[in-house]
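Colleague: I am new to this structure and would like to learn how to read it feature by feature. Could we begin with a single residue and then widen the view?

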Amino acid sequence: MPFGEVTITLEDVATLTGLAIDGDAVIVDIPDEDWSAMCLRLLGQAPTDLGGGVIRITWLRETFDELPLSASPETTEQYARAYALSLMGGVLFSDRSGGSVHL
């Protein structure tokens, strides 16, 4: 690896997220038409250009910019999920995808 490049390891992911890295892999095959329903369930709304479960980070940041003061617990969870997606896709594990994250 050339000087100055960094590779994210599985242990890095475990340290940063607190997720377990031992055990069997979890693989889920979701048909394209179900991505919108999943996004609605997890975030309460879905972008119009949700293709293959990929969300633009700019959409996340614009849509979930500020949590309303009177937010319900469900809305608070949705904003937290959006923030986690934005943080993981845009800061912690950014790549050359052009500012998008997979749902």
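Modeller: Let us start with Ser 86, which counts as buried because its relative accessibility is 7%, where buried means under 20% relative accessible area, exposed over 50%, and partly exposed in between, with a 1.4 Å probe and protein chains only. This is a predicted model, in which local features need pLDDT of at least 70 and side-chain atom pairs count only at pLDDT 80 or more, while totals for chains, interfaces and linings use all residues. Residues are numbered from 1 along each chain as its sequence is written, and side-chain values use heavy atoms, with hydrogens and water left out.

Colleague: In which helix does Ser 86 lie, and which residues is Ser 86 in contact with?

Modeller: Contact means heavy atoms within 4.5 Å. Ser 86 lies in helix α4 and, leaving aside neighbours within four places in sequence, is in contact with Ile 57, Leu 60, Arg 61 and Val 91. The side chains of Ser 86 and Arg 61 are also joined by a polar contact of 3.0 Å; such a contact is a pair of N or O atoms within 3.5 Å, where within protein one must be able to donate a hydrogen and the other to accept it, and residues adjacent in sequence count only if both atoms are side-chain atoms.

Colleague: Which residues of α4 are buried, and why do they line one face of the helix?

Modeller: The buried residues in α4 are Gln 78, Tyr 79, Ala 82, Leu 85, Ser 86 and Gly 89. Seen down the axis of α4, they fall within an arc of 120°, so they line one face of the helix, the arc being that of the directions from the helix axis to the C-beta atoms. Pro 73, Tyr 83 and Val 91 are exposed on the other side of α4, whereas the buried residues of α4 pack against α2, α3 and β2.

Colleague: How many helices and strands does the chain have?

Modeller: Helices (H or I, at least four residues) and strands (E, at least two) are DSSP runs, numbered from the N terminus. The chain has 4 helices and 2 strands, in the pattern α-α-β-α-α-β along the sequence.

Colleague: Which residues of helix α2 are buried?

Modeller: In helix α2, residues 35-43, the buried ones are Trp 35, Met 38, Cys 39 and Leu 43. They lie on the same side of α2 because they cover an arc of only 100° around the axis. These buried residues pack against β1 (54-56), α3 (57-63), α4 (73-92) and β2 (100-102).

Colleague: How many residues has the largest nonpolar core?

Modeller: A nonpolar core is a set of buried Ala, Val, Leu, Ile, Met, Phe, Trp, Tyr and Cys residues joined through side-chain atoms within 4.5 Å. The largest one here has 14 residues, and those with the most contacts inside it are Leu 43, Ile 55, Trp 59, Leu 60, Phe 64 and Val 101. At least two residues of this core come from each of α2, α3 and α4, and α2 gives the most, with 4 residues. Not counting residues up to four places away in sequence, Trp 59 touches Leu 43, Gln 45, Ala 46, Pro 47 and Phe 64.

Colleague: What pLDDT does the chain average?

Modeller: The predictor's confidence in each residue, from 0 to 100, is its pLDDT. The chain averages 82, and 87% of the residues score at least 70. Among the elements of the chain, α3 has the highest mean pLDDT (91), and helix α1 (residues 10-17) the lowest (82).
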